[in-house]
Amino acid sequence: MSRIPNPLRNPPSNPEIHSFFNSCKTLIHLKQLHAQIITHHNSPFQISALASLSALSSIPAFLVYAKTIFHHLSSPPPSLYNSLIRALCSGNTPFEALPLFHTMLQRGPKPDHMTYPFVVKACNESSMIGFGISVHTHVVKSGFECDSYVVSSLIRLYANGKDLGAAKQLFDVCSERDVASWNAMIDGYVKRGEMGNARMVFDKMLCRDVISWNTMINGYAIVGRIEESKKLFDEIPDRSQVSWNSMLAGFVKCGNVEDAFGMFSEMPCRDVWSWNSMLACYVQCGKPNEALALFDQMQAAGVKPTEATFVSLLSGCAHLGALDKGLYLHTYINDNKIEVNSIVRTALVDMYVKCGNISLATQVFSAMKWKDVLAWNTMIAGMAMHGHVKEAQQLFEEMKEAGVRPNDITFVAMLSACSHAGMVDEGRKLLDSMSSSYGIEPKVEHYGCVIDLLARAGLLEEAVELIERMPMEPNPNALGALLGGCRIHGNFELGEMVGKRLINLQPCHSGRYILLSNIYAAAKKWDDARKVRNLMKVNGISKVPGVSAIELKGMLHQFVSGDRSHPESNKIYERLNEIYTRLKSLTGYSADTGHVIVDVEEEDKEHALAVHSEKLAIAYGLLHLDPKEAIRIVKNLRVCRDCHHVTKLISKVYGREIIVRDRNRFHHFKDGECSCLDFW
């Protein structure tokens, strides 16, 4: 074990202690230095100096040790108080600085101009504005009300507390406004979205620093005024890394992928924040493949990922249903001993849920020591998506027992669970209990879930009655749920009325035309079905193509209906023909053409159904996956009736587990049965 040298023959000066301290790389080294000071001199002055240096060290254990030294000193000097307060307010527990300040007032050392800025900052970081106002009283009593650093911290305090009037009053009476005071005032206006006032202060500044420019660039970006943000960025005399990152964040917020990537590519230097912003941009804009590719570049550049990196990447995997990639990221986190917070763990739960592995999602969730409402909601919603309504109900009870109060999102998840399972009575009771038992007024999303539940169950009249007595106008999703119920149960008259209303509300939504056209086709009203299709063409609306994806050895393979673009297309169609031959001979399968929406020969309808995207994906899975492996498919649209039936038969005849995630839920096919119990 290495030791630090023992040079303390004479009482060391402050610079010497600083030099000796810099040689301390571990807590053992620090304790050795502390022991040498005690053994040779036992000077409180030197011990306090050591504690101050330890408090401000980047090594977390040194701060803990500094607090231990502090508690053993009978009269700690103001400098040690200041160092500890500064360290605490800049760390993860800023609220710990406040009782320390209170102790300082009680024990005698007077706070100075170095104390107050960090105490006020601690109040800001802890959202304890009231305590901060009381600190302002001490500032005035101590005579530091004109100190520019103290004033700028107070301006930020009042601005964060949404009292811009008090912030402006402090700013106006400050006789010596330094750049920090000006920046604090600008920041206050920016956080309130008052860019006009922020610009007025900015324009009056005689001397601006890079923080002034960056705050304005970021402010314009936040409110979506990206052109003004870019103009300031082009005018800034000395761009810092924050300047580039602020401009990049602006493009990300506006969802402008091309300009964001252009800015990212032009950056002279990229820090982890830059990479994380671009990753988040790709994921938020529905480009998860690009995000995963960018992560490979990030690793090649030697940039160490942070928790924010993994939240974006896991979200991308969840969107794609890329389980292998998600497993790789989870292993990377564990192997590199990356410290993760509850947000990352919740992202892991969400990834496993949406990639179809509810077992691993449950394992991660159960291992979480502290679960916030987001974590509970994610797990409950996951159980709902997979059709495990009893488990969702059990989690809901456990959540309440753990003292976590359900919120409106919790009830969306629970009502969705009831809807997926067809539990009408439970859904009605849950909706009624929201306001009476939990003090949460149902929103249109909650009513929409119950409308969906009633419509799927064939209770169309009750669904209409619920829409009529809702305290708000139904949104398109609620009406869409009713229309879906009309299609399932063949209610042509109501379906026609609701369908036309939806097309008027959302003339650019292709799904509304398709569903109404399906209802006409099911009723053999081919002319009306063609009219709806022609209206789509007149309005320039294109049908969203069904796309099914399957992951194989970390690579995603995507298929559309009738697709022959895949390199193994011939083998896929050969396997598909073999599947149909086997199903017909062993099960008597015949295609369900009842919902094919064109008036053509039955043989043509059967061919159209035979090459749906999920069937191609399943055939590809049968070609390459081990018989013991589950075939996992992700589809962007709802699974049709014939594909659902065929997948059940394949699971039985081929003895395979097939997991399909469609637009609404998961379907677990095994031994000829589906977890949805044909209710989807």
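1. Some terms come before the residues. Buried means under 20% relative accessible area, exposed means over 50%, and partly exposed lies in between, for a 1.4 Å probe and protein chains only. By that scale E228 is partly exposed, because its relative accessible area is 32%.

2. Know what you are looking at. This is a predicted model, in which local features need pLDDT of at least 70 and side-chain atom pairs count only at pLDDT 80 or more, while totals for chains, interfaces and linings use all residues. Residues are numbered from 1 along each chain as its sequence is written, and side-chain values use heavy atoms, with hydrogens and water left out.

3. How many salt bridges does the structure hold? The total is 22. A salt bridge here is a side-chain nitrogen of Lys or Arg within 4 Å of a carboxyl oxygen of Asp or Glu.

4. Start with E228. Its salt-bridge partner is R225, and the closest N and O atoms are 2.7 Å apart. R225 is partly exposed, with a relative accessible area of 36%. Elsewhere, salt bridges with shared partners join R156, D187 and K191 into one network.

5. Next, look at helix α10. Helices are DSSP runs (H or I, at least four residues), numbered from the N terminus. Helix α10 covers residues 164–173 and holds both D172 and K168. These two are four residues apart, about one turn of the helix. They form a salt bridge, with the closest N and O atoms 2.9 Å apart. D172 counts as partly exposed at 39% relative accessibility. K168 is partly exposed too, at 31%.

6. Now find R192 and E194. This pair also makes a salt bridge, with 3.9 Å between the closest N and O atoms. R192 counts as partly exposed, because its relative accessibility is 40%. E194 has a relative accessible area of 26%, so E194 is partly exposed.

7. Turn to the cysteines. A disulfide is a covalent bond between the sulfur atoms of two cysteines. The cut-off used here is a pair of cysteine sulfur atoms within 2.5 Å. The structure holds zero disulfides.

8. Is C643 buried or exposed? C643 is buried, because its relative accessible area is 0%. The nearest cysteine sulfur to C643 belongs to C640, 3.5 Å away, and C643 is in no disulfide.
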